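The structure comes up next.

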Amino acid sequence: MTSTGEFRDHYAEFELDPADSAEELGKKLDVQQRAWAGKASRAPSADKRREAEDRVAQITEARKELLDPARRTAYDTRRTQRLRAPEPKAKPQQRAGGKSLPGQQGGDAPRTRDWLEAARTEVRRGNPTAALYEAQQAVHFDDTNADAWQLLGALHLDAGDTAAAIQEFRRSITLAPRNAYSHFLMGRASRAVNDLPTAITWHLKACALEQDNTEYRIYLGDALYAAGRYDEALQHYERALTDQPEHAGLRNQISSIWSLRAEGAKTYHPFTQQRLITSAEAARRIDGIVDQALAVQPTDQELVQKLHTDQAAARYATGKTWRGRKSMFGIVLIFAIIVYALPDGGVADWTGNLLLLATLVLLVRLGWKPRWWHARKSLPPNAVQPDWSQS
């Protein structure tokens, strides 16, 4: 390595041609950076690792100076001036006993790269590949850094390597058990592998550690919703909505849960494969449920339309109408037998007329029922719920 005082000659350090273009220099530096980064991760000793780490840092510095046109022009000017001046001799730094410190030349202390901050910088730049490399180095050089494990897990999670992310989040939580964000990320990772019970457990822990974090509560509600635990999901959604009343997604999710409750008040017909309103109580429940769902002002127009349709159906189901049934044929048959068994055919006899009127009244009475009642009677016996509402 050739250097003059505090000035580093990057061309000489990395065997670069000063006549190369920025693109050519970038390719050569990329090759060396990958090589030294690999050596850092596989270093057999702390000294070797520190040496490789320093070289990676120097390459990063060289890239800044040589790949930017304006900075390169200024750098080349300084380099020309330095090369023309005589290079001063560097004095080795001495210990109290008179020996030089190991790993030091010319009084320059070995530099330690902040891998975690470098990873965060790459994340901000939108360069996940570089950020992942920096985070891997961060945990390699300091495997007790909970934040480094957390960031590495987050990068693996975003990259789709969920298994690695889960292991890294576990390391982070072990080192910092009260870090709510690590618990939250573990919940997301568990959800990514469709392990909903575990995801709910981690999200509950995150919310317990940071009770006022609305984002954590929304994710918990989403996990509960996906698991079919709608009542619990509704509680967390409604609490989150008090903090973010303009959150359209929350309002839609809350309305969806109320809509599911409305569906649950209906009875499934196995033959028509439709859900029917088969009691007065169900009609009243659905009407009230829809009012609750619309009160939060959902923005999903398809959902809003369904809610209005359910409410209209509930109100329509309470109205009465006449509908014939097969059992009525028996009544008509009995009437015909009685009438024609009377003297003179029974048609002119007042008794026959009275029987005719009574039969018609009975038929009307049997058929004139609320629509929900007719829907209930259309169900097969095994689909009828045991509790009848008042007619």
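Which residues of H11 are buried? Thr214, Tyr216, Arg217, Ile218, Leu220, Gly221, Ala223 and Leu224 are, where buried means under 20% relative accessible area, exposed means over 50%, and partly exposed lies in between (1.4 Å probe, protein chains only). Before you go on, note that this is a predicted model, in which local features need pLDDT of at least 70 and side-chain atom pairs count only at pLDDT 80 or more, while totals for chains, interfaces and linings use all residues. Residues are numbered from 1 along each chain as its sequence is written, and side-chain values use heavy atoms, with hydrogens and water left out.

**Stop 1: helix H11**

Select residues 214–226, which make up H11; helices (H or I, at least four residues) and strands (E, at least two) are DSSP runs, numbered from the N terminus. The end C-alpha atoms of these 13 residues are 18 Å apart, in agreement with the 18 Å that H11 should span at 1.5 Å a residue. That expected span is 1.5 Å times one less than the number of residues.

Now show the neighbours. The buried residues of H11 pack against helix H9 (180–192), helix H10 (196–209), helix H12 (230–243) and helix H13 (248–264), with contact taken as heavy atoms within 4.5 Å. At the N-terminal end, pick Asn213: this residue caps H11, with a side-chain oxygen 3.1 Å from the backbone nitrogen of Glu215. After H11 comes Gly228, whose phi is positive, near 80 degrees.

**Stop 2: helix H10**

Step back to H10, whose 14 residues reach 20 Å from first C-alpha to last, close to the 20 Å expected. Colour Leu196, Ala199, Ile200, Trp202, His203, Ala206 and Cys207, which are buried. They lie on the same side of H10, because they cover an arc of only 170 degrees around the axis; the arc is that of the directions from the helix axis to the C-beta atoms. An α-helix has 3.6 residues a turn, so residues three or four places apart point the same way. Turn to the face away from this buried side to find the exposed residues Pro197 and Ala208. The buried residues of H10 pack against helix H8 (162–175), H9 and H11.

**Stop 3: the nonpolar cores**

Next, select Phe169, Ile254, Ile277 and Ile286, which touch the most other members of the largest nonpolar core, a set of 46 residues. Such a core is a set of buried Ala, Val, Leu, Ile, Met, Phe, Trp, Tyr and Cys residues joined through side-chain atoms within 4.5 Å. Helix H14 (residues 280–295) supplies the largest share of this core, 7 residues. Another core, of 28 residues, lies apart from it, and includes Phe7, Ile59, Trp115 and Leu132.

Zoom in on Ile254: leaving aside neighbours within four places in sequence, Ile254 is in contact with Leu234, Tyr237, Glu238, Leu241 and Val296.

**Stop 4: two loop residues**

Glu15 counts as exposed, at 72% relative accessibility. Then move to Gln273, in the loop between strand E3 (267–269) and strand E4 (274–276). Gln273 also is not a glycine and has a positive phi of about 55 degrees; its relative accessible area is 58%, so Gln273 is exposed.

**Last stop: the whole chain**

Zoom out to see 18 helices and 6 strands. Of the 391 residues of the protein chain, 40% count as buried.

Note on methods: Polar contact = N/O pair within 3.5 Å; in protein donor to acceptor, adjacent residues only side chain to side chain.
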